[in-house]
Amino acid sequence: MSYEPLVTEFLGVTLKNPVLAASGTVGFGREYETLASLSKLGGICSKGLTLNGSLGNDGPRIYETPAGLLNSIGLENPGVGRFIKEELPFMRSLGCAVIANLGGHSEIEYIKGASLLNDAEIDILELNISCPNILDGGMAFGIDPKSAADITKKVKAKSRHPLLVKLTPNAPDLIAVAAACEEAGADGLSLVNTFLGMAIDTKLRKPVFNNVYAGLSGPAIFPIALRMVHEVCKAVSIPVAGIGGIAAKEDALSFLMAGASVVQIGSMTFAAPDTMAKLVDELYDYCKLNALENIRQIVGIL
Amino acid sequence: MAVISENIEIAKGIFKMCLSGAPLGEAGQFLMLKQPDSLDPFLARPLSYCNIDKNSGTVTLVYQTIGKGTKAFSKLKQGSLMQAVGPCGRGFPLVSGNAVLIGGGIGTAPLLLLAHALRESQPERHIKVHLGFREEAYLIKEFGQYADEVSVDIGGIITDAADFSQAAAYYACGPEPMLKAAALKAEKAGAELYISLEKNMACGVGACFGCTCKTKGGNKRICKDGPVFNALEVHDVL
Ligand SMILES: Cc1cc2nc3c(=O)[nH]c(=O)nc-3n(C[C@H](O)[C@H](O)[C@H](O)COP(=O)(O)OP(=O)(O)OC[C@H]3O[C@@H](n4cnc5c(N)ncnc54)[C@H](O)[C@@H]3O)c2cc1C
Ligand SMILES: Cc1cc2nc3c(=O)[nH]c(=O)nc-3n(C[C@H](O)[C@H](O)[C@H](O)COP(=O)(O)O)c2cc1C
Ligand code: FES
């Protein structure tokens with residue numbers, strides 16, 4: 001038998017490995033197909049979709065910070081329908097799992113979007129109730145346990161796909177939100193989305209972003225994300241995808257040891273496009289070196 | 001990974017960096033450059049091809065030190081490694097006939113390779129270059145290799161000097177007010193003008209939607225669908 005220590009079952013889907021590309025950082029796969037060797041990964045998450053698409057936010061959208069960046073994209077996307085027609089066939093052709101990330105401004109928009117995705121061959125639906133960059137909806141659903149549970153339950157009832165609920169670290173009581181989503185029927189949780197941050201243009205004496213606040217990601221957030229994943233993994237029994245600031249093998253291993261079954265890499269792909277592919281190789285070597293039958297043997301050991 | 005073969009100051013705060021082993025591209029396209037393994041600065045910096053020696057495979061970049069990233073670049077020594085992703089974006093179309101190039105400040109950098117390419121693609125055409133600088137001029141001699149006329153202005157308004165009634169195509173790169181002035185003059189004269197836009201970038205390859213701008217044809221990613229646009233397409237947003 002061949003040695004396949006990275007094969008991972010996640011929400012009933014068999015992944016080649018536990019390394020996934022985080023939503024919003026690889027678009028729909030085309031641009032990074034070769035640069036980031038996407039077909040080598042366990043899966044890729046689409047850019048956040050909304051039912052009818054969106055042009056995104058005006059003004060500056062990217063601002064570099066120490067070891068990270070603030071973004072205020074505002075879910076620019078072609079809409080669920082065009083995603084299915086124009087982007088999904090390509091994503092499918094990559095030969096890794098396809099996760100559709102679904103955002104929304106209202107309950108009805110989420111539900112309609114999820115229903116439309118029932119016609120699509122995706123492996124997992126990632127419910128984004130954590131986008132800090134749209135003014136109504138988005139993160140508002142993920143801040144409060146009751147509204148998070150509500151939307152989770154309604155989408156779960158409508159969707160035929162395994163449901164991964166993506167949480168925001170900006171929730172005052174993240175563990176309560178996580179537990180409420182589990183209770184409401186989520187098949188898994190992914191965290192963290194970006195931390196609300198701010199930048200000021202001191203020359204112009206005004207905020208850099210039109211929305212004033214924006215989402216912080218990258219290595220700068222790693223230790224906080226790790227703590228949050230650890231806390232949530234202790235509190236729930238559904239699988240967790242660990243996200244936030246992964247730059248190298250040690251970071252990914254830390255998330256797995258803290259209890260995440262898989263990891264998603266976001267911002268680091270911008271800095272070094274081969275990060276995820278390299279990580280797959282390094283995790284393989286790690287298993288071999290440590291005589292692990294499967295990487296899952298280190299999941300949640302802490 | 002590319003290797004730095006030269007990195008010298010050619011004017012105050014203006015550096016020339018030569019790379020071997022970097023991907024080659026066309027005039028107006030750019031590279032996303034970063035020192036490998038550095039988490040701070042975190043993102044790669046977009047720099048345009050300033051010239052390319054196809055025989056030796058050497059890429060020349062000319063950059064101004066602005067902040068953290070470009071200041072760190074300026075300290076790198078010969079032999080240092082550089083991560084270079086590219087060629088990124090769509091460059092300048094080489095319109096047949098006489099050409100006028102208008103560069104302001106560091107915006108002159110990509111125009112050098114453009115002049116080179118225009119000359120190579122049509123040796124008999126007339127190429128006129130207007131270069132404007134705030135204090136100190138640079139790259140003038142290099143432009144002389146390819147252009148028929150090079151006019152240099154220090155401290156003035158460069159678009160005032162350009163005549164938009166003669167050439168087959170006009171190309172501009174520089175600060176936004178300069179591009180705006182050029183776009184207005186070109187529109188009035190019915191001239192074909194291509195401009196190169198800038199916006200902060202994260203990926204540089206079209207994946208993050210971090211650099212979109214509004215155009216007549218809808219949202220466009222400056223890093224992928226640009227950075228060069230027909231001025232008519234974008235001049236409302238300038
Ligand atoms: C397509 C393109 C081609 C370019 N070509 C050249 C060139 O050939 N020579 C040259 O000197 N400069 C060029 N620039 C501008 C250059 O990228 C910026 O000056 C540089 O990124 C500044 O980085 P910094 O760390 O020194 O400044 P900081 O202000 O510390 O940078 C902070 C962040 O803002 C971004 N940023 C700051 N200014 C700009 C800008 N004008 N455009 C885009 N991002 C910016 C940086 O990339 C970084 O992410 C180009 C920009 C673009 C978009
Ligand atoms: C430019 C950018 C765009 C993003 N877009 C989305 C999105 O559309 N949907 C989503 O759920 N998360 C989005 N995210 C969040 C990431 O998926 C990820 O949760 C976050 O960046 C933390 O991981 P990182 O530190 O590895 O980047 C985006 C992040 C960035 C930097
Ligand atoms: S910088 Fe990412 S799309 Fe242009």
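This is a predicted model: local features need pLDDT of at least 70, side-chain atom pairs count only at pLDDT 80 or more; totals for chains, interfaces and linings use all residues.
1. The contact draws on 33 residues of chain A and 26 residues of chain B. Between them the two chains bury about 2300 Å², of which 62% lies on carbon and sulfur atoms. On the chain A side, A:Glu31, A:Ile62 and A:Glu64 lose the most area to chain B, together 27% of what that side buries.

2. Polar contact links 14 residue pairs between chain A and chain B, both residues being at pLDDT 80 or more. On chain A, the elements giving two or more residues to the side that touches chain B are β5 (62-65), β6 (68-71) and α8 (268-271). The largest share, four residues, comes from β5(A). By class, that side of chain A has 19 nonpolar, eight polar and six charged residues.

3. Three salt bridges are counted between chain A and chain B. In one of them, B:Arg221 meets A:Glu31 at 2.9 Å, N to O. A:Glu31, B:Arg221 and B:Asp225 are linked in a network of salt bridges.

4. B:Lys214 pairs with A:Asp58 in a salt bridge, the closest N and O atoms being 2.5 Å apart. B:Lys214 lies in strand β13 of chain B and A:Asp58 in the loop between β4 and β5 of chain A, so the pair joins two chains. B:Lys214 is partly exposed at 39% relative accessibility, and A:Asp58 is partly exposed at 45%.

5. B:Arg45 forms a salt bridge with A:Glu64, with the closest N and O atoms 2.8 Å apart. This pair crosses between chains, from strand β4 of chain B to strand β5 of chain A. Both B:Arg45 and A:Glu64 are buried.

Note on methods. Residues are numbered from 1 along each chain as its sequence is written. Chains are lettered from A and ligands numbered from 1 in the order in which they are written. Side-chain values use heavy atoms; hydrogens and water are left out. Contact means heavy atoms within 4.5 Å. Buried area is the accessible area (1.4 Å probe) that two parts lose on being put together, summed over both. A salt bridge is a side-chain nitrogen of Lys or Arg within 4 Å of a carboxyl oxygen of Asp or Glu. A polar contact is a pair of N or O atoms within 3.5 Å; within protein, one must be able to donate a hydrogen and the other to accept it, and residues adjacent in sequence count only if both atoms are side-chain atoms. Ala, Val, Leu, Ile, Met, Phe, Trp, Tyr, Cys and Pro count as nonpolar, Asp, Glu, Lys and Arg as charged, and the others, Gly among them, as polar. Buried means under 20% relative accessible area, exposed over 50%, partly exposed in between (1.4 Å probe, protein chains only).
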